[in-house]
Amino acid sequence: MQLSFDPEVESFRDEFSAFLDANLPTEAETLERPRSVSHMPDWARRWQRLLFDNGWLLPAQPPEFGGRNASILQQFVHLEELCNRRIYHSFNPQGVNIIAASLISFGSDEQKHRWAVPVLKGEKTASLGMSEPSAGSDLASLRTRAVRDGDYFVVNGQKVWTSGAHDADFLLTFVRTDPDAPKHKGISVLIIPTDLPGVVCRPFASICGVEDKDFNEVFFTDVRVPAENLVGPLNGGWGVANGSLGHERTMMWLGFADRIANMIGDFEPHTPLEKDQYAAMIMDYQALRLMGSSGLAKAARGESDVASVSVVKLFGSEAELRASEYALTAAGSDGLVHPSSTGPYAHMNLDHYFASWFERHARSFSGTIAGGTSEIQRNIIAQQVLGLPRAK
C-alpha cells in the first residue's frame, strides 16, 4: 500500500520544506545540547518560537496556538518531513505534544493563555506528573493527595520517572482528590509550578550514564496550589488522562518507523544470520508503515478506530526493540563501547538517536512503556479488537 496525496497536501509539504530550507538553525548555532526533555537551550527556544509564529509547531491547531488548522494528512506530511530530515519536533516534547495540547482541550481560556501558549512559544517548559512508585501503568492506583483548603489545594505525595521535572517550570500533575470514590473517579489534574514551596525535584541517572539525568523523583510536602490551577472538572482527571495519552499516541507509530529506518541505515550486516535479521528489520518497517498508513487513511475519512491504534503502537515499539537488539548483538563487544557514535550526527535531533548501540538498545525499551505499556496494549487488543472476555 502506497499513500498518495492530493495537490493541496503536497503543496502543504512543499511550503513546509521551503520554510525548513530557509530557516533551519546551523550546526554552529546548536552547540549547546538539551540535557533533559524540559531543558531547552536558547537556540531551541528561538527555533520553536519561529515554528509557532509561522504555524508550523502544531499544524492541527488554529494560528493562536501555533498552527494553521491542518488536516490529518497535512499533519502527517509535516511530521514525515521532520523525520526525513532527522529533525526533532520539539525539545520539550511532553510540554508541546501532551501538556499544552491537553490544556488546549481541557483547560480554561485563562489556563490556555497563561500556561499553554508560553510552552508553545518556548518561554516555559513543562513535564508530566503521572507515574508514582506504586502506580506506573496503573494510573488509577495513584496516591498523591490534594485536599481543598479555601482557595488552595494542599498536595502531599510523590511522583517518579518524571522526565525533565528539575528543568521544568511546571508539572501537569495527577492527584487524588476523593479517596472514597472508585479509583478512577477520584482523580483530578493540577498545574503545579516547580518553584512552589514544598516541591522537591531529585534527578537521577539512567542506565545510559551517570550524567544522563532526565528522570526525577518529585516530592510534594504541604504544597499549596491555587484552586484556579485545577484543569477540567474536580474528580474528572481520568478523562483528562485519556486525552493526554491520546495526544501522546497520535501518529506515535511514525516515530517508531523513523527510528527503525535510522537503524536500517546505520546497521551493516555481515553474516548470514545478520542478513536475515536485517531483512526482518526491513519487513517490520514496511509492515509498520502499511498498518500506520491504513489507520491514517481511516482517520482522513473520518472513521474512528481507537483500539487499532494499540495494534500499531504495540507492533512499532516491539519492532524497534527487536531491531536494536539485532544491531547490538551483531556489533558484539564493539556495541558495548559507550559513549560512541553509530550514525551520522544530526544537529537538530537528539544525540541518543546516533549514540552507541548499547544506548540505542537500552532506550528502545522505553517505547514499550511510554504511552501505554505493551501489556496494557495487549489487553486493549484482546478486549476491544478481538472481543475476548476479561479474565476472572
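**Helix packing and a pocket**

In helix 7, W253, L254, F256, A257, I260, A261, M263 and I264 meet Y278, M281, I282, Y285, L288, R289, G292 and S293 of helix 8. Contact means heavy atoms within 4.5 Å. This is a predicted model: local features need pLDDT of at least 70, side-chain atom pairs count only at pLDDT 80 or more, and totals for chains, interfaces and linings use all residues. Residues are numbered from 1 along each chain as its sequence is written, and side-chain values use heavy atoms, with hydrogens and water left out.

**Helix 7 with helix 8**
- Ala, Val, Leu, Ile, Met, Phe, Trp, Tyr, Cys and Pro count as nonpolar, Asp, Glu, Lys and Arg as charged, and the others, Gly among them, as polar.
- Helix 7 and helix 8 (residues 272-300) pack at about 155°, with axes 10 Å apart. Helix 7 is therefore roughly antiparallel to helix 8 (angles over 145 degrees; under 35 is roughly parallel, 65 to 115 roughly perpendicular, the rest oblique).
- Axes are lines fitted to C-alpha atoms, for helices over the stretch in contact, and angles run from 0 to 180 degrees between N-to-C directions.
- Helices (H or I, at least four residues) are DSSP runs, numbered from the N terminus.
- Helix 7 passes helix 8 in a left-handed crossing (the near helix is turned anticlockwise from the far one by less than a right angle; clockwise is right-handed).

**Helix 3 with helix 7**
- The axes of helix 3 (residues 72-84) and helix 7 (residues 252-266) come within 11 Å and cross at roughly 25°. The two helices are therefore roughly parallel.
- Helix 3 passes helix 7 in a right-handed crossing.
- From helix 3, F76, L79, E80 and C83 meet W253, L254 and D258 of helix 7. By class, that contact has five nonpolar, no polar and two charged residues.

**Helix 4 with helix 5**
- Helix 4 (residues 93-106) and helix 5 (residues 109-120) pack at about 155°, with axes 9 Å apart. That makes helix 4 roughly antiparallel to helix 5.
- The crossing of helix 4 past helix 5 is left-handed.

**Second largest pocket**
- About 200 Å³ of space lies in the second largest pocket. Of its 13 lining residues, D266, F267, E268, A331 and W357 are the closest to its centre.
- A pocket is an open set of points on a 1 Å grid over the protein atoms alone, where a 1.4 Å probe fits, with protein on both sides within 12 Å along at least five of seven lines; lining residues have an atom within 4 Å of a point. Grid points are joined across faces, edges and corners, and a volume is the space filled by probe spheres set on the points.
- Helix 9 (residues 306-331) gives the largest share of the lining, three residues.
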